[in-house]
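Then read on for a short tour.

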Amino acid sequence: MSAIPTSSWRHRWLSLVEHIRQVPDESELQLLLDKLERPERAQILAFVNAHAMNSAAHSPEFHAALLAADLVLRDGSGMATLYRMLGREPGLNLNGTDLIPRIMAKYDGKRIALFGTRDEYASRARDSMADELTPHSQIDSVHGFHDLDIYVAMAMHQRPDLIVLGMGMPKQELLAVELRKALKNTPCLIICGGAIIDFLGGKTTRAPQWVRNMGCEWVFRLALEPRRLFMRYVVGNPVFLMRATTLKLSAKNGASGISH
């Protein structure tokens, strides 16, 4: 079996597929959530969707940050398609928009920091959490446009139990690695949350449940923000499927090994 060069996007994709934790059912998910509630040290939770895979294909730095995360979960129907094409069971679809609020609720009564989006939406997200998810927590929020060292200094001062990042890729993943390094053995969960603060703050609207059940929330979001999301979805989705097909064919031809 021939090895794929480590500089290849195929190597990056295969290494991410190996790193992502597949969760088969709700009972296994509940065990995982219970574990995330009690980290023994600073830990990173990240999510990988089709956009993340496309970004990792051409960014070694972003790819390395994802591999550095303590736990990476599969997000989206595109990733399920990739797993099936590679002959693997995809497990549950664990998109952050649904899962992160469940994690937040477990941190009620603990100190929480929201780093991301614009101040007005971060403040609204903080108020929404205080009303519905974490009424007994102290929640600090700040916008997502500072340099990384500013957030590290804030986290060192605040010592939150939960940090939720909402800056988009790759900034949040790169920041998560720096936060974990700074906090070291401090029990803290650092979540790379994407648009979660925007959703909680009312900037972005969720698709109707029936659209989500079909795995087509991306179509709904594209309709709301066509200019911003055109490259991610209209261009990015076909590129993702093309790469997935290439990976499937190379695996069939015996070139699926990862060179270490």
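## Before we start

This is a predicted model, where local features need pLDDT of at least 70, side-chain atom pairs count only at pLDDT 80 or more, and totals for chains, interfaces and linings use all residues. Residues are numbered from 1 along each chain as its sequence is written, and side-chain values use heavy atoms, with hydrogens and water left out.

Helices (DSSP runs of H or I, at least four residues) and strands (runs of E, at least two) are numbered from the N terminus.

Two packed helices are described by the angle between their axes and the distance between the axes. Here, axes are lines fitted to C-alpha atoms, for helices over the stretch in contact, and angles run from 0 to 180 degrees between N-to-C directions.

Start with helix α1 (residues 9-19) and helix α3 (residues 50-58): their axes come within 8 Å and cross at roughly 135°. That is why α1 and α3 are called oblique to each other. As for the labels, angles under 35 degrees count as roughly parallel, over 145 as roughly antiparallel, 65 to 115 as roughly perpendicular and the rest as oblique. The α1 and α3 crossing is right-handed; that word applies if the near helix is turned clockwise from the far one by less than a right angle, and left-handed applies if anticlockwise.

Which residues of α1 and α3 make the contact? From α1 come Trp-9, Arg-12, Trp-13, Leu-16 and Val-17, and from α3 come Met-53, Asn-54, Ala-56, Ala-57 and His-58. Contact means heavy atoms within 4.5 Å. Sorted by class, the residues where α1 touches α3 are seven nonpolar, two polar and one charged. In this sorting, Ala, Val, Leu, Ile, Met, Phe, Trp, Tyr, Cys and Pro are nonpolar, Asp, Glu, Lys and Arg are charged, and the others, Gly among them, are polar.

On the α1 side you'll find Trp-9, Arg-10, Trp-13 and Leu-14, and they meet Phe-240, Arg-243, Ala-244, Thr-246, Leu-247 and Ser-250 in α13. The contact of α1 with α13 has six nonpolar, two polar and two charged residues.

Now for α3 and helix α4 (residues 60-68), which pack at an angle of about 125° with their axes 6 Å apart. That makes α3 oblique to α4. Ala-52, Ser-55, Ala-56 and His-58 of α3 touch Pro-60, Phe-62 and His-63 of α4. This contact of α3 with α4 has four nonpolar residues, three polar and no charged.

## Inside the protein

In soluble globular proteins, nonpolar side chains tend to be buried together. A nonpolar core is a set of buried Ala, Val, Leu, Ile, Met, Phe, Trp, Tyr and Cys residues joined through side-chain atoms within 4.5 Å. Buried means under 20% relative accessible area, exposed over 50%, and partly exposed in between (1.4 Å probe, protein chains only).

The largest nonpolar core has 42 residues, and Met-53, Leu-82, Ile-163, Leu-165 and Ile-190 touch the most other members. Leaving aside neighbours within four places in sequence, the contacts of Ile-190 include Gln-43, Ile-44, Leu-45, Ile-163 and Leu-165. There is also a second, separate core of 28 residues, with Leu-73, Ile-100, Ile-112 and Leu-114 among them.

Is Leu-29 buried or exposed? Leu-29 is buried, at 2% relative accessibility. Leu-29 sits in helix α2 (residues 26-36). The C-alpha atoms of Leu-29 and Leu-92 are 8.6 Å apart, although 63 residues separate them along the chain.

His-51, in helix α3, is partly exposed with a relative accessible area of 25%. Not counting residues up to four places away in sequence, His-51 touches Met-169 and Arg-232.

## Some backbone details

Met-169 is joined to Pro-170 by a cis peptide bond, with omega about 0°. Pro-170 lies in the loop between β6 (162-166) and α9 (171-183).

Thr-117 has a phi near 50°, a positive value in a residue other than glycine. Thr-117 is in the loop between β4 (112-116) and α7 (119-133), and is buried at 7% relative accessibility. Arg-159 also has a positive phi, near 50°, but counts as partly exposed at 36% relative accessibility.
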